[in-house]
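The following note sets out some points on the structure shown below.

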Amino acid sequence: MIQIKLLLGLLLSLFSIKNSFSLSTYFCEDPILRELPIQALGRTKPLLVHASEVNKFIFDTSSLQKLDATTVFCLLSLQAFGIPLELKPLIKVDHLWVKELLGMKRDETGINPSVIEEKLLDLRMELAKRKVNDSEKKELNKVLGRYQSYQEISTGVSWTVPKNFIAEKNEYEWSPLISELTESKIIELKQKYQIDSNDRSAPFLKYFTEWKIDYDQKAGTDYRVEYWYFRMHPFRYALVLSLIALLSIFIFKTSAVGIVFTAASLGLQIVGFVLRIIISERAPITNMYETVIFSGFGCLIVALILWKMKKENFFWIAGLTYNILTLMMANFANEMLNPSIGPLVPVLRDNFWLSTHVTTVILSYAALALSWILANMAIIKSFKKTLDKREEQRLTNLIYAAMKVGVVLLSGGVILGGVWADYSWGRFWGWDPKETWSLIVLLVYIAILHGKYTNWINPMRFIPLVALAFLSVMMAWFGVNYILAAGLHSYGFSEGGAIFLLSFFVAQISVLVVHTWKSKIRI
Amino acid sequence: MQTFITASFKRMGRTLWKTLGHLKFAVLIILLFALCLAVGTILESNQGTDYANRFVYKSFPFMALQALIFLSILVATLQRLPWRKSLAGFYVLHLGLLTIISGSAVTYFFGVDGSMTLYPKVPTQKVDLGNEQLKIFPQSSVRSTMSSSITQGSLDLPYVVNPTLIDLDWSQIKVLDFYPFSDYAKEWKKSDSSSPIPSAEYQLQNSRFSETLTLSQHRDSDFQSSSTIGPLSVHFLPGQLFPCFTKSSSLGLLVWNLQTGECIALDTKNTSEISGNEGKKLMTIRSLALPMAFSPSESPLPWVQSKKENKIFWTTTEELPWRLFNKKLFESSPQLLLFGEGISYYNKNNSQWETQQLKTNSSWAELPWMGFKVKLNKLVFDQYPVNVPRPVKPVQENGALISGALRAIKLEYFDLEAGSRKEIWATNQSAVKFAHNGILWEATIAKEQKVLPFELRLSKFKMDNDPGTNNPASYESFVALREEENPGKHHVYMNHPLKHQQYTFYQASFFQTEDGYGSVLSVNYDPGRFWKYLGSLLLVLGSFWHFVLRKRIVWKA
């Protein structure tokens, strides 16, 4: 094995294509690599997508030293064949304590993998010493996780090759590149295609081409949809379109321009969802990233319907605003909202219930988000002293309309969840944190609806209360996964979310405190 | 007078009626309910599901609150009768809620919610239900000699969060404290034995690591006389052996007497070689005038001559109190030998056995491995360490309890041999045995079981992973159902339960055994299901009617 490695290394290292940044990139920059089907985390996907995801996880950026994600991944993998690495990758470290532990300076953002390798024993000891799973332990674990992923790449294990097609299962058996790309294979290819021995890159590229053609013939080309989806960035352009739409409402006298851009943005979002449905073969609402985008989409739809019904521009503006907020989160908060598509936990694998229960709940959150945006618009108006009694009355009715839609959808969604639980676990209700919190949300809004008929809640109090009530939605939606993180619904757990949620709470409560104090609401 | 009382009752009734149906009352109890739920989810996250259930979801006050909500909805609906068309949605919605709550109550009181553990190829009829019981039963056959008053059986444990005194007499076994959540804690117990038996506590540490080692040679102790910490092995040996370790021995062998503690370090001078069975080399000790020899490479036991069919040959014996200690066996890896106040180890750096003296709670002894040092905290001869349940607040981390998973109950029985009453803990982890009034008893905390009129047998369990990973993609049980009528084979997997008679079986979990995978099915019988579904339908229709279809009266400030 070692001999094979060395010989292959020699085969490659004799030639070197220096790119414009004077790094040898061998065959790694060839475009065919990007579309190669590989298997990672239980799914078949194009190499470009896998490379971008793992690079981003390990180094915080998918491209390094101006080389694209696939090239970087390829060069790192070639280390397994004994080819020295000219790149200088730095594993991401962002926690101060971990930096100190690794002997890093405060302003350094990454560390050479070899340093971690040297200190691995110490780091493991440090982990073993800490009995409580505190944030320091978690952060250290995260860095070690990144290092492990790096190891998987640099030992050639992360890059998988379709080996044998198993016809009865209609799927491939996969094997790591390091055990498939042998010297005899390269020599065989050289002879087969009569490649001039000076062209050292060619047999490798032939190898990849053969593999791709073979896979496409036997298992189909479905995986390439993900390649196009990945390069297309529908939700990025949808954000731009939504922003233009919102601006044009204020700039242009007629609403025609705004309508065109709103429709274009919605269309692009639909394209994004449809592509994700094709790739994952399930409803596009199975993780935080998807539910956030879907709520933004749903909110805009609900807002447009209400706008048509009530002829109130506020709905349109509020719907677009929330749509923009969710798309911004989806595009810029990827540490919290992971856009990659992975397999589902077994309990959730039921497309019928997934698409009915989750869609209803997320749509209800969308409608409640609309009421939340409208409430905050009213509060901002009161700050600017443009909220007179009539305007307040008008906005209150709009908020109430959105809230009603939300409450009806949420009660339907909660019940559908109960029916699903009964159908697949044999119990209608089990006090699981996610279901309990969705019930709390319902109770909070129902309390407001009941209170509205008493003299406890007048419009003056109604508006800030609706803004406050949305915190319960955020708790049920984000808080259960990011803070409570226990129970059967823990499919969206990741870090960073807790900080976001806390900032959200602090910001909203501060706005409400200032508002209460300024407008002299008696509590 | 009577009219006055009736009048005041009427007045009270009217006030109650008015309050229960009042909107403000509704708002208050809705918010109180939401608050309880929020507390419940936080407790569930930090202390685990069981704690949250005992503290909130299945506690009496919470049940009472739900009953109050039911009453409030009922009264509010009745107050809005007779029928008004404008309130049609309201009636349907609230009737739906009442139906759901009633259905849930039916499920709670008359339903079955349990689990069935299926070992591979072992038929079973038993379903574990939710509530736990203390099960005590006499084990031995001597039962007939005792009066028939002995009843084996089970005692329902109270559904509480805090330690509770049960105080119940059961065939003269006293059932005392019950700890719903506890951990084992170390306690020093007085030794019954007349001879001194050593037990000790050491502190072992280096710059990154610190651990307390509790070691005992007492038979009844829950602590062993050896322990391992990573690559380091620690052995707690009798103190009489220590003097031998201070002497040098060219052969690296010691011989010592279990009874007197006398020990001899062996070298070429005080030993001689003789031949044993088939010319095997054995070693005798000159200073000991005993017909005894040793084989250092084979056994710590002495060899003696015996006669069989007129042939003399050598065998090992446990009857003589002498044992051989081969130091060579402790040289290849880091081994720390502790003798109470003395320690010994093999130092690889200078290829020497070294010894050090320790005084209780005084100095640290440096060890030749990774900067480790050791200290003696405690050395006793009339006590020994045991593990005793201590009540704790449970702690959950990453979805699993890291503390408080032990449920324990204290029993007091009569030990005929000792002639006194003794305490013992029955737990949910393993059954304890004790001799009460001369009879062997067994006690354990376990789930209440229900026996089904048919049996299930797991013929196969299948688990599929996501391709190329260890993440499970599906769990599937293939079960054979056996009963008089309609036996059959069934396939139970996620979202595909098995329905038989009134019961439904769902794939819940799995475990590994020596014979392959076992499976856990949850078993469910829900007589309230119809009402919950009907109520849900009414609720959805009603709220749609009330909030969406109804011509809304514009709300004025």
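**Notes on a pocket, the domains and the interface**

1. In this predicted model, the residues lining the second largest pocket divide into 14 nonpolar, five polar and 14 charged. The volume of this pocket is about 1000 Å³. Its lining comprises 33 residues, of which B:Lys189, B:Tyr384, B:Tyr413, B:Glu423 and B:Ile424 are the closest to the centre.

2. Five strands of chain B each give two or more residues to the lining of the second largest pocket: E5 (173–190), E23 (383–391), E26 (406–415), E27 (420–427) and E28 (432–436). Strand E23(B) supplies the largest share, six residues.

3. In terms of domains, at least three lining residues of the second largest pocket come from each of domain 3 and domain 4 of chain B.

4. Turning to the interface, 56 residues of chain A and 55 residues of chain B take part in the contact. About 5100 Å² is buried between chain A and chain B, and carbon and sulfur atoms give 64% of this area. On the chain A side, A:Pro346, A:Trp431 and A:Trp456 lose the most area to chain B, together 13% of what that side buries.

5. One salt bridge is counted between chain A and chain B. A:Asp422 forms a salt bridge with B:Arg529, with the closest N and O atoms 2.8 Å apart.

Definitions and conventions:
Residues are numbered from 1 along each chain as its sequence is written. Chains are lettered from A and ligands numbered from 1 in the order in which they are written. This is a predicted model: local features need pLDDT of at least 70, side-chain atom pairs count only at pLDDT 80 or more; totals for chains, interfaces and linings use all residues. Side-chain values use heavy atoms; hydrogens and water are left out. On a 1 Å grid over the protein atoms alone, a cavity is a set of points where a 1.4 Å probe fits but cannot get out, and a pocket is an open set with protein on both sides within 12 Å along at least five of seven lines; lining residues have an atom within 4 Å of a point. Grid points are joined across faces, edges and corners, and a volume is the space filled by probe spheres set on the points. Helices (H or I, at least four residues) and strands (E, at least two) are DSSP runs, numbered from the N terminus. Ala, Val, Leu, Ile, Met, Phe, Trp, Tyr, Cys and Pro count as nonpolar, Asp, Glu, Lys and Arg as charged, and the others, Gly among them, as polar. Domain bounds come from an automatic or database domain assignment. Contact means heavy atoms within 4.5 Å. Buried area is the accessible area (1.4 Å probe) that two parts lose on being put together, summed over both. A salt bridge is a side-chain nitrogen of Lys or Arg within 4 Å of a carboxyl oxygen of Asp or Glu.
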